[in-house]
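Here's a quick briefing to read with the model open. Have a look at the fold, then work through the points below.

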Amino acid sequence: MACEQSHSVAHAYLDGELDAVRAAEFEKHLAVCPDCAEAIASWDEVRSGIQRTGLREIAPARLKERVYADLHRDRQSGQQLRRVPYAAWLAAAAAIVLALIASAKFLPIRERSSAPPQLVAQLVDAHLRSLQPGHLMDVVSTDQHTVKPWFDGKLDFSPTVQDFADQGFPLQGGRLDVAGGRTVAALVYGRRKHIVSVFVWPTQESDAASQSGSDHGYQWTTWRKSGMQYCAVSDVNATDLQQLQSLIEQH
Amino acid sequence: MTSASVLTVPSVAGAAPDAAVTERFEQIVMPHVDSAFNLARWIVRNRDDAEDVAQEAMLRALRFFATYNGGDARAWLLQIVRNSSYTWLEKNRPADLAAEFDEHIHSSAAVAVPPNPESLAIAANDRVRLQRALETLPPKQREVIVLRELEGCSYKEIAAITEIPIGTVMSALSRARTQLQSALTTGATKEISRGV
């Protein structure tokens with residue numbers, strides 16, 4: 001097959017995803033390449049089959065009713081995620097969200113709009129999710145020179161990755177998570193028998209000292225330094241988390 | 001400890017959304033509930049489970065509605081649905097996810113069977129055959145086909161929803177389609193051997 005590599009281009013052409021120049025180039029190629037012509041013809045056949053047979057399934061009316069009911073009950077009671085019997089951890093996360101919001105009221109001089117509990121809640125949530133079996137890390141390595149390059153091409157920024165094994169926080173690996181609508185890097189550190197997730201993403205805001213909180217045994221600390229926002233989440237004690245923060249800040 | 005704001009994403013106050021937030025959510029997000037259900041259905045391969053997953057995802061969407069930045073609401077919602085679906089699979093049917101490791105085996109097999117248009121001809125009543133073929137794909141291949149062919153997503157939207165670089169969408173789709181074609185051509189024999 002002389003043309004194996006351009007099959008993905010053939011698909012992009014079929015999808016109308018090539019720009020005008022590349023589309024014109026491909027059309028020239030298509031005229032002389034039976035391989036690509038056949039790839040296009042055979043996919044076109046499958047595609048029209050998919051269209052004809054109506055594979056798309058629409059939501060049952062009952063689902064819409066359930067969601068509407070949830071929306072309005074939420075508004076009345078402030079309780080969330082009650083109807084999700086199979087996701088106990090979600091319920092736990094929701095409890096933490098509520099607790100974080102409650103505790104936020106007791107922090108001094110804190111503006112309502114300045115410390116969104118949702119984002120912290122998402123990160124606590126992400127940390128909890130990561131503790132489920134097989135979900136902790138996308139790249140498992142104690143070597144910072146393995147973990148850092150792993151992030152290349154998966155993120156639009158390059159997080160600093162440092163192993164702190166000598167200081168009692170061995171690097172264990174990393175993964176991607178989503179928070180605040182964007183993909184963030186999550187570095188995983190060990191601390192005795194505990195796991196610490198350190199979430200990192202770029203920010204335009206100036207540096208800021210840490211802000212912390214805790215609830216239900218989960219500590220969180222978040223700070224900004226050199227254009228990066230950090231948030232560490234763990235069930236270790238607050239002192240440990242601060243120690244890790246200062247290690248990261250020094251490097 | 002400081003009182004300075006450290007986090008940079010704006011927030012709506014509280015976990016219990018007020019009437020205005022709920023109303024906005026109903027206007028912006030609710031219209032996409034069919035897409036939410038459809039994606040969940042094809043990832044978890046079951047309508048009943050998809051209903052639960054989609055409901056949970058809608059609730060998560062409401063909770064995180066503050067993070068919606070006014071862009072493509074469907075893509076934003078589908079990203080949440082996708083995450084919820086995979087979380088559900090991990091918990092309830094991890095074997096589905098393990099299938100991914102066979103991907104290279106599948107794709108080399110797929111290359112070895114060059115599909116020809118005649119053998120792929122699909123009659124209008126071949127819904128079941130198509131559905132089965134699609135369901136034999138690993139979920140990460142299935143989802144790109146569902147997003148492209150059933151939801152009509154652009155490559156850019158697919159990249160946003162599945163969190164893969166846009167350049168990778170092109171090759172992922174190409175691979176998934178070849179795989180589906182291969183499943184369609186070998187589908188008949190597979191069904192027989194499975195039934196025994």
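This is a predicted model: local features need pLDDT of at least 70, side-chain atom pairs count only at pLDDT 80 or more; totals for chains, interfaces and linings use all residues.

In which hand of crossing does H2(B) pass H8(B)? The crossing is right-handed.

**Chain A overall**
- Chain A has eight helices and seven strands.
- It runs to 251 residues, and 36% of them count as buried.
- Take the contacts in chain A between residues at least 6 apart in sequence: 50% of these join residues at least 24 apart.

- S2(A), residues 171-179, pairs with S3(A), residues 182-191, in the antiparallel sense, with eight bridges.
- One bridge to pick out here is A:Gly173 with its partner A:Val188 in S3(A).
- Two residues sit between S2(A) and S3(A) in their hairpin, and A:Gly180 in the turn has a positive phi of about 55°.
- S3(A) also runs antiparallel to S4(A), residues 194-202, and seven bridges join them.
- Across that pairing, A:Ala185 stands opposite A:Val200 in S4(A).
- The hairpin of S3(A) and S4(A) has two residues between the strands as well, and A:Arg192 takes a positive phi near 50° there.

**Back to the helix pair in chain B**
- The axes of H2(B), residues 33-44, and H8(B), residues 139-150, come within 9 Å and cross at roughly 150°.
- That angle is why H2(B) counts as roughly antiparallel to H8(B).
- On the H2(B) side, the contact is made by B:Asn38, B:Leu39, B:Trp42 and B:Ile43.
- H8(B) brings B:Pro139, B:Arg142, B:Glu143, B:Val146 and B:Leu150.
- Sorted by class, this contact has six nonpolar residues, one polar and two charged.

Definitions and conventions: Residues are numbered from 1 along each chain as its sequence is written. Chains are lettered from A and ligands numbered from 1 in the order in which they are written. Helices (H or I, at least four residues) and strands (E, at least two) are DSSP runs, numbered from the N terminus. A residue is buried if 20 or more other C-beta atoms lie within 10 Å of its own, exposed if 12 or fewer, and partly exposed in between; C-beta atoms are placed from the backbone. Two residues are in contact if their C-beta atoms, placed from the backbone, lie within 7 Å. Axes are lines fitted to C-alpha atoms, for helices over the stretch in contact, and angles run from 0 to 180 degrees between N-to-C directions. Angles under 35 degrees count as roughly parallel, over 145 as roughly antiparallel, 65 to 115 as roughly perpendicular and the rest as oblique. A crossing is left-handed if the near helix is turned anticlockwise from the far one by less than a right angle, and right-handed if clockwise. Ala, Val, Leu, Ile, Met, Phe, Trp, Tyr, Cys and Pro count as nonpolar, Asp, Glu, Lys and Arg as charged, and the others, Gly among them, as polar. Two strands pair if DSSP finds at least two bridges between them.
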